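Hi,

Here is the structure I promised to pass on. My notes follow below it.

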Amino acid sequence: MNKNDGIMIGVILILCLLSILIFAKWDKKGDKIAIVYYQDEVILTIDLAKNEKKDYQVMGKNGTVIIEVNQDKIRVKQENSPLHICSKQGYISKNTESIVCLPNQIVIQIQTKNAIDTVVH
Amino acid sequence: MTYQKITRLSMLLTLSLLLSILESMIPIFNGMIPGIKIGLANIILVMVLYLYGAKETFAIALLRVLLMGILRTGLFNIHFFFSLAGTICSVGIMTFAKKTKLSMIGVSILGSIFHSIGQIIIAIYLLHLPNLIYYLPWMILGSMITGAIIGYFAKTVLKQFKNTL
């Protein structure tokens with residue numbers, strides 16, 4: 001460890017923290033929907049603006065994946081994989097967040113409703 | 001290439017495979033924080049880079065990915081391309097960083113960071129998920145810690161290694 005390492009670490013730390021702050025601002029306000037993909041195909045769209053508490057079941061590659069919606073947050077509750085990375089990740093609610101479950105080939109993405117309207121138009 | 005060099009490189013390759021397998025068996029190293037693992041096998045890559053050079057490091061790195069694919073994760077699936085992309089980026093930047101005034105720990109940190117960058121790029125490409133870029137700063141923060149630990153290990157082991165061999 002020398003002085004140059006220190007400078008490099010400092011610069012990268014500042015860049016990281018700055019981009020984390022900037023990305024946090026990019027979470028668009030408004031009603032959100034969660035889109036669930038299996039192998040690139042949309043299999044489920046969940047309206048997060050309804051503020052409901054409900055479990056959804058979808059089929060992943062390793063079996064059933066249970067997705068829990070709690071108010072405006074969504075998480076993978078139960079799934080069959082070696083490391084359980086996506087169920088450990090917990091709730092997501094921002095449109096900058098996503099859950100990727102590689103072994104099950106399931107992806108959950110959050111989008112703002114307005115953003116989808118613009119895409120459609 | 002001398003017999004001695006071939007023997008040592010194959011021993012190091014085997015060690016890196018062993019470390020990979022060992023790591024996947026120890027839960028603390030693997031998946032405690034989603035998306036971040038320590039990458040013990042990179043100790044060997046850093047060591048080979050300082051013992052021999054870029055060419056040998058690339059050879060060991062690519063062979064390790066290939067052999068890990070055959071032994072554990074399977075060839076040419078998504079996991080294979082993830083580790084391939086990470087490894088190529090990581091060794092590439094470490095070769096470059098070694099020529100600068102950075103110490104071994106600095107080189108290892110950069111290698112670790114570019115491992116994450118390579119994986120995020122290939123994940124965005126393969127999963128069509130541009131949103132993953134938002135996780136990059138967090139992964140880089142994690143990489144800096146694991147990279148520093150790996151660099152420290154490599155430095156310590158290399159010192160002993162040079163004394164014994």
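First, a convention: helices (H or I, at least four residues) and strands (E, at least two) are DSSP runs, numbered from the N terminus. This is a predicted model, where local features need pLDDT of at least 70 and side-chain atom pairs count only at pLDDT 80 or more, while totals for chains, interfaces and linings use all residues. Residues are numbered from 1 along each chain as its sequence is written, and chains are lettered from A and ligands numbered from 1 in the order in which they are written.

Chain B first. By that convention it has six helices and two strands, in the order α-β-β-α-α-α-α-α along the sequence. Its radius of gyration is 15 Å, close to the 15 Å from the globule rule for 165 residues, so chain B is as compact as a globular protein of that length. (The radius is taken over C-alpha atoms; the rule is 2.2 Å times the number of residues to the power 0.38.) Of the 165 residues in chain B, 38% are buried, meaning that 20 or more other C-beta atoms, placed from the backbone, lie within 10 Å of a residue's own.

Now chain A, around strand β6 (residues 98–101). Both of its faces are covered: A:Ser98 and A:Val100 are buried on one side, A:Ile99 and A:Cys101 on the other. Strand β6 of chain A runs antiparallel to β7 (residues 106–112), joined by four bridges; pairing takes at least two DSSP bridges. A:Cys101 sits opposite A:Ile106 of β7. The two strands make a hairpin with four residues between them, and A:Gln105 in the turn has a positive phi of about 55°.

Cheers

Notes:
A residue is buried if 20 or more other C-beta atoms lie within 10 Å of its own, exposed if 12 or fewer, and partly exposed in between; C-beta atoms are placed from the backbone.
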